[in-house]
Amino acid sequence: MSLVGVGGAAYIGTQQRLKDVFLMAAPVLEPTASVVDKLALVHEVLGSIEISEFAGLSGSLQRDAAVSLSRLEARVTAYKLAAVRAVEQSGEARRQGATSTASLLACDFGGDHRGSRNTVRQAQKIDQTPQSHEAMAQGRLSPKQARVIAKALDLLPDDTNDSVREACETQLVDDAPHMDLRQFQRQADRVVGSFLADCDEDTAVDAAENTIVEERERRAWGRAEFWMGAPIDGTVKGGFVIPEAQAAHLRVVLDGLCAPQVEITAPGQTSRTTGGVLLYERPTYTRRQGWAFAHLCELLPVDRLPETNNVGPIMTVNIDHQTLLDQLKVALLSTGETLSAGQARRMACEHRILPAVYGGDSLPSTSAETSASTRCINAEP
């Protein structure tokens, strides 16, 4: 069966046409067919579509196909959650000797134990949001929209009666298709706030909405984390989870450093934005963001960082005295990383770094720092 051969635009347009595709692709199922037989038919229909066929459609039909598949993905997710909940409730994992339903499902397909645990947790909560789950099963809500609704309803007090919870969910399900996720998140706060305030006065709703946001910010700080791996090939990979307000601040700063008109030069480099690297293609947005983040680390005001016993964060650079003069040897940070002599000299000049200089005349600590800094400034890398 061909995507074009079943009628072009009519193939994507309506649910009725999708039913026609099923009828064309496989025999009609008996009314008594099991769920497994019906799922086998779904696999057969998908298997009848060649991946390369999408390239033969017009642009509008390609877009329609992508939207249709997104809706199909949402529907499959809803049915998957229902199936996972049934497996969890049946105790099948114990009968198979698995430690949990998540472990059983991860071993059956994918090997993603963490993802399976998340799926089981979501499946256990679908009874709390029946309208959202039904809308997702019909392809009217995306999984992310359904999660926003579920998290919003969690903000309602435990003693909220069922009619209020149902009315709140109904409103959110109706609003979701008309907004992007960020707008919908704000709308969810507003809707839940109106139910918490139990009145239509803007002042009361504003106060309730503010309480919701404050609680979300408090939980966000509790989930904040940061990690960095070991240096590999001169780079370090890391990640972080931070509250959205601070993330927005960081994004604004990085975008400012990435602006085309911004060029911060460094000694011996044509542009600090590129780090003196010869590029054979236009740098991507993420590459420029990476450069900006690295330079932001160098711009941190160390004199404003918290101090313990009047001693702020200090990093030592171990560098030979002759290196300060002719740049022939690398330097070693007290944290174990190596860096070029020029980089060490620049960091010593621009940041609160104590140069531990070997091979030179003994000097008092303050004099050594002043002398080393003077050499750094006068001798460019």
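**Group meeting: a walk through the predicted model**

Hi everyone, let me start with a cysteine: cysteine 107 is exposed, with a relative accessible area of 60%. Keep in mind that what you see above is a predicted model. Cysteine 297 is another one to look at, and it counts as partly exposed, at 42% relative accessibility. How many disulfides does the structure hold? The count is zero. As a quick reminder, a disulfide would be a covalent bond between the sulfur atoms of two cysteines.

Now the overall picture. The protein has 381 residues, and buried residues make up 29% of them. Its secondary structure comes to 17 helices and six strands. If you take the contacts with a separation of 6 or more, 51% of them come from residues 24 or more positions apart.

Next, let's go to helix 6, residues 101-108. Which residues of helix 6 are buried? They are Thr101, Ala102, Ser103, Leu104 and Ala106. The cover over those buried residues includes helix 4, helix 7 and helix 5, which spans 92-95. Just after helix 6 you will find glycine 110, with a positive phi of about 95 degrees.

Helix 4, residues 59-90, and helix 7, residues 113-124, have axes 8 Å apart and an angle of about 90 degrees between them. That angle falls within 65 to 115 degrees, so helix 4 is roughly perpendicular to helix 7. On the helix 4 side, the contact has Lys80, Leu81, Val84, Arg85 and Glu88. Across from them, helix 7 brings Thr119, Val120, Gln122, Ala123 and Gln124.

Helix 8, residues 130-137, and helix 10, residues 162-175, cross at roughly 30 degrees, and their axes come within 9 Å. Since that angle is under 35 degrees, helix 8 counts as roughly parallel to helix 10. Helix 8 contributes Pro130, Gln131, Ser132 and Ala135, while helix 10 contributes Glu166, Glu169, Thr170 and Val173. By class, that makes three nonpolar, three polar and two charged residues.

Is aspartate 189 buried or exposed? At 5% relative accessibility, aspartate 189 counts as buried. You can find aspartate 189 in helix 11, residues 181-197. Setting aside neighbours within four places in sequence, aspartate 189 touches Glu209, Ile212, Val213 and Arg216.

Glutamate 53 is also buried, at 13% relative accessibility, and glutamate 53 sits in the loop between helix 3, which covers 35-47, and helix 4. A polar atom of the glutamate 53 side chain lies 3.0 Å from the backbone nitrogen of glutamate 50.

And then there is aspartate 233, which is exposed, at 76% relative accessibility. Where does aspartate 233 lie? Look in the loop between strand 1, 225-228, and strand 2, 238-241. Although aspartate 233 is not a glycine, its phi is positive, at about 55 degrees.

Terms used:
Residues numbered from 1 in each chain as written. Predicted model: local features only at pLDDT ≥ 70, side-chain atom pairs only at ≥ 80, totals over all residues. Heavy atoms only, no water. Axes fitted to C-alpha atoms, helices over the stretch in contact; angles between N-to-C directions. Helix = DSSP H or I, 4+ residues; strand = E, 2+ residues; numbered from the N terminus. Parallel < 35°, antiparallel > 145°, perpendicular 65-115°, else oblique. Contact = heavy atoms within 4.5 Å. Disulfide = S-S within 2.5 Å. Buried < 20%, exposed > 50% of the residue type's maximum accessible area, 1.4 Å probe, protein only. Polar contact = N/O pair within 3.5 Å; in protein donor to acceptor, adjacent residues only side chain to side chain. Nonpolar A, V, L, I, M, F, W, Y, C, P; charged D, E, K, R; others polar.
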